[in-house]
Amino acid sequence: MENGVYIRVSGTTRPADRDMSRELYYECDARSFDLVVRRDIEVTDEDIKNLCEQMKEVAIANSKSNLQRSSVKDVTKNVLLSWGILKKDENEKIYPTNAYVYLTGQGGLRSMIQCAVFKGTTRTVFLDRRNYEGPLWEQVDEAVQFVLRNIRMGCRLEGIYRQDIYELPPDSIRELIVNAVMNCSYIQDSNIQVAIYDDRLEITSPGGLLPGVTIDLMKEGFSKIRNRSLANAFAYMNLVEAWGSGIPKLMQAMQEYGLREPEFIDMEVAFRINLYRGQNEADYNFDMNGIGKSTDKVPESANKVPINVQEKNIYDYIQKNNSITTAQAAECAGVKQRRAREILSKMVEKGLLKKGGASRSTVYLLNTESDSLL
């Protein structure tokens, strides 16, 4: 400590900056930054209740079956304590940890997922860029939707049936962004970056591989989590499956899509994964704008609007019943009415719905042009 801290980067020895030194100290003590107690922040029972309710709503929304949805249990204060999202001091007073701050988007700690589309294969010309902040699970959802809006969609013919398909596996995209969040070094003054080029999707997370982890081991399913408290929360919210399964599943999915193996780059102070775009034209019909080339009916719009499970349930309900109220939307989505209003407002912004009536008589109707957006 008197003579400075040094790290190895690309075969050279360099002085570690203050943030890197702090992270090394945490690793040596078998701690993680998300478990640091924030005694400067007061948290009330109402705050804790709101977080628990929001997490359950997200878990239900991300469930892939009725069985999984029905198995989602309530989150309680004791559960948050066991995960390290909350901590008790010697006087039994409860304080939030950094994990709580990142999950709620409050408390002054800055976290962000930066997304961009570049022209060509280098970071020279921006075509689009977005910065997503707030609760981490919202950042993940926004980043995934950004990628899906900006990669090609086409079709694959199986016999006489047509299957719409993205050029990269959506589940793998979500898994990689979630893994970037769980393993991000939040001590560093940098952000997760999701970059789309003509030839690849690039996801970069601050913080290199943890000690004992190698790329070869990762391919075999071995993993160590940098932010264990956040990982527990994400697992509950059905944002990630069994730890360590993501990379093997990714490699299998890319192989099934007929794409080259993902590229893993350990940058010592960051970790990057490249998913290379491109497809077998005999099996898929893509063009650069996402419009199918086949004469069969493939998506006609280049500006498709991805929707999640909650939005799909609401949309289907209106198709059958012509309109929906906030209370009915809350029941369809399995959320509180406050959250249902947020979902409905977002669907209006996307152009899927339009608002009718006023005040307590407000209902939501299908936008007559919404079919072309899906």
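Two strands count as paired if DSSP finds at least two bridges between them, and strands themselves are DSSP runs (E, at least two residues), while helices are runs of H or I with at least four, both numbered from the N terminus. Keep that in mind for the first stop.

This is a predicted model, in which local features need pLDDT of at least 70 and side-chain atom pairs count only at pLDDT 80 or more, while totals for chains, interfaces and linings use all residues. Residues are numbered from 1 along each chain as its sequence is written, and side-chain values use heavy atoms, with hydrogens and water left out.

**Stop 1**

**Stop 2: walking across the strands**

Begin at β5 (residues 113-119), which runs antiparallel to β6 and is joined to β6 by 7 bridges. Click I113 and look across to Y132, its bridge partner in β6. The two strands form a hairpin with 5 residues between them, and G120 in the turn has a positive phi of about 85 degrees.

Now move to β9 (residues 192-196), where 4 of the 5 residues are buried (buried means under 20% relative accessible area, exposed over 50%, and partly exposed in between, with a 1.4 Å probe and protein chains only). β9 pairs with β5 in the parallel sense over 5 bridges, and V117 has I196 as its bridge partner there. On to β10: a hairpin of 3 residues links β9 to β10, and these two pair in the antiparallel sense over 4 bridges. I196 has L201 as its bridge partner in β10.

**Stop 3: the core**

Select M55, L80, F234 and M237, which touch the most other members of the largest nonpolar core, a group of 75 residues. Such a core is a set of buried Ala, Val, Leu, Ile, Met, Phe, Trp, Tyr and Cys residues joined through side-chain atoms within 4.5 Å. Helix α6 (residues 136-150) supplies the largest share, 8 residues. A second, separate core of 15 residues includes I314, A340, I343 and L344.

What does L80 contact, apart from its neighbours within four places in sequence? Look for I48, L51, C52, M55, V75, I85 and L86, where contact means heavy atoms within 4.5 Å.

**Stop 4**

Select α2, whose 17 residues reach 24 Å from first C-alpha to last, close to the 24 Å expected at 1.5 Å a residue (the expected span is 1.5 Å times one less than the number of residues). Its buried residues include I48, L51, C52 and M55.

Finish with α9 (residues 228-236), where S229, L230, A231, A233, F234 and Y236 are buried. Among the elements covering them are α2 (45-61), α4 (77-83), α5 (98-104), α6 and α7 (170-182). Just after α9, N238 takes a positive phi of about 60 degrees.
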